[in-house]
Amino acid sequence: MNDNFMKIQRLAVPMKYVSVSQIENSQYNHKGLLALDMNGMDAQQDYGRAPCRVKVLAILDKETTTMNNTVLFGSCDEQGNQVKVLLNDGTKEVVTIAMTHINTLNKFDLKVGKIYEQLDICYLEGMTGNATGNHIHFEVGKGWQTKKVKRSDGIWALQDLISLKNCFCLLKGYHEVCNLGLDIYKDYWPWVDSLTVEENTLDPTRSPGKYGIDVSAHDANMINYTLAKEQGVEFVIARAGFGADKESQHDECWQKNIDKCNTVGIPMGAYIYSYAENIQEAINEAKHIIRLANEEGGPNQFPYGLWFDQEDKLQTTLSKELNTEMALVFAREVQASGYKAGVYASYDWFKNKLNCQSLVGAGLFIWIAHYGKNTGEFQEVNIEFDYQIRQYTSENSDKLFSTRERLDQNVCYFDFLKEEVNAYMIEEPSPIQEENENNYESDFKFLGKINYKELFTSEDWQNIFVRFIDLIKELFVILFKKWK
C-alpha cells in the first residue's frame, strides 16, 4: 500500500505532563459540560500542545465568552484544510479544540490562520476569566467552529461537544502521568506507539486496497491533482466520452484530466458512458474509447483499463441477456486492441440487469458502485460475487483536494500495474439474443432465438449459417422418424 494511503492522526493528550484537575460533568463549574481542566506539573506554569495538526480558527475575547483568552484550534492538513482525526471508538471527525485561560496571547504570536504541528507548544496555563489557579480548560467539538455559544444554563461552550474520554490518547515515551484525573481516564485514554495511523477500514476479508477517484468534465477544474496525490490517490479513471464516436460526444475535459494526472504521476484508466441499445452500438462505443485512448499513448497510458459504464435509463428496458452480451462484445473489442477491459455498474444493476457470473466467468473486470450509506466514509457491504474495484461513496464533505460537493471515490483490490492484459482475454461472445426483431429461427426452441443478421454482417456467412441450421433440423427430423 502507498505510504500516503489514508493516514490519519489520533488526538494526543494536549499537555506533556498529564494532570487532570477537573473532569467532565463534575459537580463544580463543569456540571453538565463535556470539558476538563489540566494543570501539568505541580507548582509550575505548563504548556498546552497541539493534540493534532491544527490551525487557529478564532481568538475569543471577554465580550464573546466569560472565559477570557479562549483560542479555537481546528484539525487540519498541511495546507490548512479541514481533516478528520481518529477517535478512541474508531470514528473519525473534523474537530475544534478549545483552550482557555492563557494570561497573554502574544507570547506565542497566536493569530488566526497559523498552523501548529502535532505536539507543538501552542498555549500556556493561566488564570484569566473564571479560574482559580493556573490551568488550561479543554473542550472538543465536532466540525470547525469559530465561536462559543451561551447555553440555557448560562455556560459558554462549543457546540456538539465530544466526551474527552473518547478523544485523547497517551504517547509512549512522551507523556508523563502526574495525576490522571483520580483514575477516571485511565480506562479510556490508551497508550499508543504512534499518533499517526494508516487506516485499515477496508473490508477485512479482502487485502488492503488502493484509493482512487473517477472523474469527468464536472471535476476537472475543481481538483488539485497535486493535493490528490498527497492525500493518497493512487489511480484515476477518467471519462473519455459517451455514446458513439462523434466529436460532440467526447468529454470536454478528457485531455485536461489526462495532462494533470501525467504531471503528478497518477496512473489512469478510462471509461465511456454507454447509450448502447444493441450490439453494433456497443461495438461503436468500444471503437470510440479505443480511438481516444490510442491517441493518448495506448495501453501504457491506461494500465487501469477501459471500462463500459452501463447505467443509462435507455438500457433499463433491455433484457439481462442483451445487456450482458453488449458488455462482452465491448470487452472483446477493447482487449483485441491491447487494453484491459471491464464493466462499471451499480450493485443493483449487476444483480438485475447483467448476468454477473457470466461476466466474471468470462474474465471481465468488475467495477461496482455500492455505497451502503453515502456518507463519504468506507463502509463494509455484502457483495456475493467477485469484483476488482468498488466505488464506495460520491460524498465529498471533507473537500481535501476537490472543491466540488460530489466526488466519486473508489478502492481497488487488483494490481492493474502488474497484471498483463492477455491473461484476462475473454472468449468469443455467444450468439446474441435481442428483443423486437422478427427474423428469428424458432422452430426448435432449444436452438434459441438467433438473430443471424446481427451476428454476421456478410451475406455469404448468413447463407452458410442458415444452411447449417437447416441441416441440423433435417438431422433431427430423420432421427425423430427413426426413433418413432
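**View 1. Surroundings of Phe 401 in the predicted model.** Apart from neighbours within four places in sequence, Phe 401 is in contact with Tyr 211, Ile 213, Met 222, Ile 223, Asn 224, Leu 227, Ala 228, Gln 231, Val 233 and Leu 407. The model is predicted. Phe 401 belongs to the largest nonpolar core, which has 65 residues; together with Phe 350, Phe 401 touches the most other members.

**View 2. The aromatic pair Phe 168 and Trp 189.** The structure holds 17 aromatic pairs. In this one, the ring centres of Phe 168 and Trp 189 are 5.8 Å apart and the planes stand at 75°, so the pair is edge-to-face. Phe 168 is in strand S16 (residues 168-171), whereas Trp 189 is in the loop between strand S17 (176-179) and strand S18 (191-192). The two residues are 21 residues apart, and their pair links distant parts of the chain. Both Phe 168 and Trp 189 are buried.

**View 3. The aromatic pair Phe 242 and Tyr 275.** This pair is also edge-to-face, with 6.2 Å from centre to centre and 70° between the planes of Phe 242 and Tyr 275. Tyr 275, at 33% relative accessibility, counts as partly exposed.

**View 4. An aromatic cluster.** One cluster is formed by Phe 235, Tyr 271, Tyr 304, Trp 307, Tyr 344, Phe 365, Trp 367, Phe 414 and Phe 416.

**View 5. Charged groups over aromatic rings.** The charged end of Lys 16 sits over the ring of Tyr 174, at 4.2 Å from the ring centre. In a second example, Arg 390 lies over the face of Phe 378, 4.7 Å from the centre of that ring.

View 6. The protein chain has a mean pLDDT of 81, and 79% of its residues reach 70 or more. Over residues 200-207, pLDDT stays under 50; the model has 17 contacts beyond four places in sequence for this segment. Residues 427-460 likewise stay under 50 in pLDDT, and for them the model has 55 contacts beyond four places in sequence.

Definitions and conventions
Residues are numbered from 1 along each chain as its sequence is written. This is a predicted model: local features need pLDDT of at least 70, side-chain atom pairs count only at pLDDT 80 or more; totals for chains, interfaces and linings use all residues. Side-chain values use heavy atoms; hydrogens and water are left out. Rings of Phe, Tyr and Trp (its six-membered ring) pair if their centres lie within 6.5 Å; planes under 30 degrees apart count as stacked, over 60 as edge-to-face and the rest as tilted. Helices (H or I, at least four residues) and strands (E, at least two) are DSSP runs, numbered from the N terminus. Buried means under 20% relative accessible area, exposed over 50%, partly exposed in between (1.4 Å probe, protein chains only). A charge sits over a ring if NZ of Lys or CZ of Arg is within 6 Å of the ring centre and within 35 degrees of the ring normal. A nonpolar core is a set of buried Ala, Val, Leu, Ile, Met, Phe, Trp, Tyr and Cys residues joined through side-chain atoms within 4.5 Å. Contact means heavy atoms within 4.5 Å. pLDDT is the predictor's confidence in each residue, from 0 to 100.
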